[in-house]
Amino acid sequence: MKKQLLLTSLSAVLALGLAACGNSNTAENSGEASNAGKASDAGAASGEKTKITYWTGDRHDAEFVKEKVAEFNETNTDGIEVELVVKGDDFDTALDLSFQTSDSPDVIRVKENTIGTFYKKEYLAPIDEYLSDDMKAKFPEMTDLNTFDGKRYSLPNYGTTMRLIYNKDLFAKAGVTNPPATLQELVDTAKKLTAAGKADGAYGFAQNFKSPTSALGRSARVIAEMSGFGGFGYDFKTARFDFSGFKPIIEAFKQIKDDGSMLPGVESLDIDPLRAQFAEGKIGMYLSYSSEPGVYSTQFPAKIDWAAAPAPTIDGKVKGASGFLGGQWLALSSKSKHKDAAWKFMEYMYSDQMLTSYQEKGFGISMVPSISATAKTPEVNGIEGFLPNQYDGVWPVYPSVAPEGMKSDDAFFKYMLNGGDLDATISDLNKRYNAALDDAIKNDGLKAEPDPSFDPAALAGKFAK
Amino acid sequence: MNKSKNAAFAYSFLLPSALLTLVLGIYPIAWAFRYMFYNYKGYGTARFIGLDNFSRILRDAEFWNSVVNTFVYAGGKLLLSIPLSLLLAAILNRKIRGRQLLRAVFFMPTVISTAVMAVVFFTIFNSYNGILNQFLIKFNISSSGIDWLGPKHAMLTVILVAVWGAVGNYMLLFLAGLQNIPEDVYESSSLDGANKIQQFRFITLPMLGPVLQMVIMLAIINALKGYESIMVLTEGGPAGKTEVMFLYLYKLFFPVGGSAASTQVQEFGYGSAVAFMSAVIVGMISLIYFYASRRMNRID
């Protein structure tokens, strides 16, 4: 009996303790909520820090951003303390969970292929009220890339170009002077590089097929776009999916694999292990984004001489534009309780000095005209090949649909491994993706209007001649 | 203390866990139950579509491929891990030197995070610079190494990793069962002339029946639901060769593939229907096993 009473008392004390903790949090939270928007001032006045979080999935600039966040924390006079959270490939998933658990960040790194989804999910707050006229003029407004339904949700910083990255040492050893400009040259060069390097464990070509979506999203996409086809199989002229442009690309990749010119084990290769192998000189060529120079200067210091060149096209003729991805960078969380403080941090991140540093340190290529005009060429080795050229251009936003059955990247990779009838695969993809497109137009309000005058080649040449 | 006070006292202790179960267990299930009749992408309005998600499951070759892979994976894992853990338990139940240390060593994988374990195994098995291939090449066992995570061997590799992670746990449960078998049963059988193999066959196995039934049950459910190490090692590839049911389900909710994955759409509605179907499959297999193994629960 005594024991039971003792246990009951103990439970009650514990429960009260927990409740007390809960209450204190609630009080704090409600205080924060009621002071939303003025928190930074209140924090500064009371001597307490206003804590905000910034989530990014970028790793190539992580050290630089960490340094700049620390600098902001030390120098800002508003009592704001920013916690930087660098996520990996699980960024989108973690963000979804954070919004479901009310533990969402205040400032979010958004990209050209996430901002639309985050907007629809109501994760983002419009920033128009914070923008001065100068800022409005300085940062280009881009529909569906930073502006939705007339409201701005982000501002551009840098854009990402896509290139063929190649190992100059291995090229020299194989006696190859120029990077490939056609798919046939890509296949032949991969073969020559493998012949020259195989004894030392080096192979001509590699792709990170642990995730076919990631692998083809950085390789087949840019080849298709340079050749005049929509990078995700969508044709803006007809407003229909048509994957037939991918046929020669996937066939070339399969040929490289069948020739034995592909790094063994690409089936389970992730992008970072691929980069690590390239830095060691074990890979002759691969296709990826302009974040690579940053990677090879900090994350995996390259032991080889390397460079970047425009991606090859199907037949050597450039009929489209190499996607220049960007138009947005940081966004304000709709659930932030410290929007003013978060905006002050964003203002700091969007300062001329910061944007200039971004370009000059080689973390990205500025998409802000005033910065592009004044910033020096980046200091980072290898960035020259990624600077905008006459082929780069911003493609319209591709519609996202949910087809039944296998996704296009998985279907193409399956063909690369097992062979089969590629025409039948493409016909099946077209049928399923267009069915999903029709469904999304009919039921989800997706807008997809044909544009017979759409000319992919006209997208190019706006950032450099 | 009268009965009603006793009951109130018991309920007060049950309340916290009941609340947690309600919030973390029942609510998500109810949520999924609702959305399996909807087309819902995680934003906007959920659209009621009746049984369309279920008819889609019936024609979803990828899902059924993942079901077949799940059976292969679970079957392989069970066939290797149960006999191996029983054997280890029988050996470590004997008075051999260092048995405590060995028990701890074999149990160690259970306390290591599955994801961390899988990353370590990735460095061992990866084809281009994996430790295992370097060993095979160095000692001329293979000239160019083996593509452990390639189309031919990926399933075997993920099964081996799963067995490594599971054996210690089941071994410990078997050990607990073995230690409950009275010593005098063995002594009297020895007097009757039974050898070690006969003792194992006619005393150990029958008396271990209830534990064996429970361990196999847990192993079946764990194997059918397992996907974490596969996610790290192969992400279900190459070309769906190691795509198991719960990994397929996970990808419907959270598409993988880094930044390019965002061109894909989250399918909360269809994912909920697949989750229900997967739960039905796991539940049915567990029930069938439970019915088929009911004799194991009796110690004659």
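This is a predicted model: local features need pLDDT of at least 70, side-chain atom pairs count only at pLDDT 80 or more; totals for chains, interfaces and linings use all residues.
Local features are given where pLDDT is at least 70 and side-chain atom pairs only at pLDDT 80 or more, while totals for chains, interfaces and linings use all residues. Residues are numbered from 1 along each chain as its sequence is written, chains are lettered from A and ligands numbered from 1 in the order in which they are written, and side-chain values use heavy atoms, leaving out hydrogens and water.

**View 1. Chain A as a whole.** Chain A has 18 helices and 17 strands; helices (H or I, at least four residues) and strands (E, at least two) are DSSP runs, numbered from the N terminus. Of its 465 residues, 54% are buried, where buried means under 20% relative accessible area, exposed over 50% and partly exposed in between (1.4 Å probe, protein chains only). Contact means heavy atoms within 4.5 Å. Among the contacts in chain A between residues at least 6 apart in sequence, 77% join residues at least 24 apart. The chain exposes about 19,500 Å², and carbon and sulfur atoms supply 51% of this area; accessible areas come from the Shrake-Rupley method with a 1.4 Å probe, and for residues only the protein chains shown count as cover.

**View 2. Helix α4 of chain A.** Helix α4 (residues 91-100) is mostly covered, with seven of its ten residues buried. The buried residues are A:F91, A:T93, A:A94, A:L95, A:D96, A:S98 and A:F99. In chain A they pack against β1 (50-56), β3 (107-109), α5 (115-120) and β15 (330-333), and in chain B against α12 (245-253). After α4(A) comes A:S102, with a positive phi near 55°.

**View 3. The surroundings of A:R221.** A:R221 lies in helix α10 (residues 220-226) of chain A. This arginine is buried, since its relative accessible area is 5%. Apart from neighbours within four places in sequence, A:R221 is in contact with A:E112, A:M162, A:L216, A:G231, A:F232, A:L325 and A:Y398.

**View 4. Chain B as a whole.** Chain B comes to 13 helices and two strands. Its C-alpha atoms fill a box of roughly 75 × 75 × 30 Å along the principal axes. Of its 300 residues, 46% count as buried. The accessible surface of chain B is about 16,100 Å², of which 68% belongs to carbon and sulfur atoms.

**View 5. Helices α3 and α13 of chain B.** Helix α3 (residues 61-92) and helix α13 (residues 268-292) pack at an angle of about 30°, with their axes 12 Å apart. Axes are lines fitted to C-alpha atoms, for helices over the stretch in contact, and angles run from 0 to 180 degrees between N-to-C directions. The angle makes α3(B) roughly parallel to α13(B); angles under 35 degrees count as roughly parallel, over 145 as roughly antiparallel, 65 to 115 as roughly perpendicular and the rest as oblique. B:F63, B:W64, B:V67 and B:F71 in α3(B) meet B:V274, B:M277, B:S278, B:I281 and B:I285 in α13(B).

**View 6. Helices α7 and α10 of chain B.** Helix α7 (residues 154-178) and helix α10 (residues 209-225) cross at roughly 165°, and their axes come within 10 Å. That makes α7(B) roughly antiparallel to α10(B). From α7(B), B:Y170, B:L173, B:F174 and B:G177 meet B:V211, B:L212, B:M214, B:V215, B:L218, B:A219 and B:N222 of α10(B).
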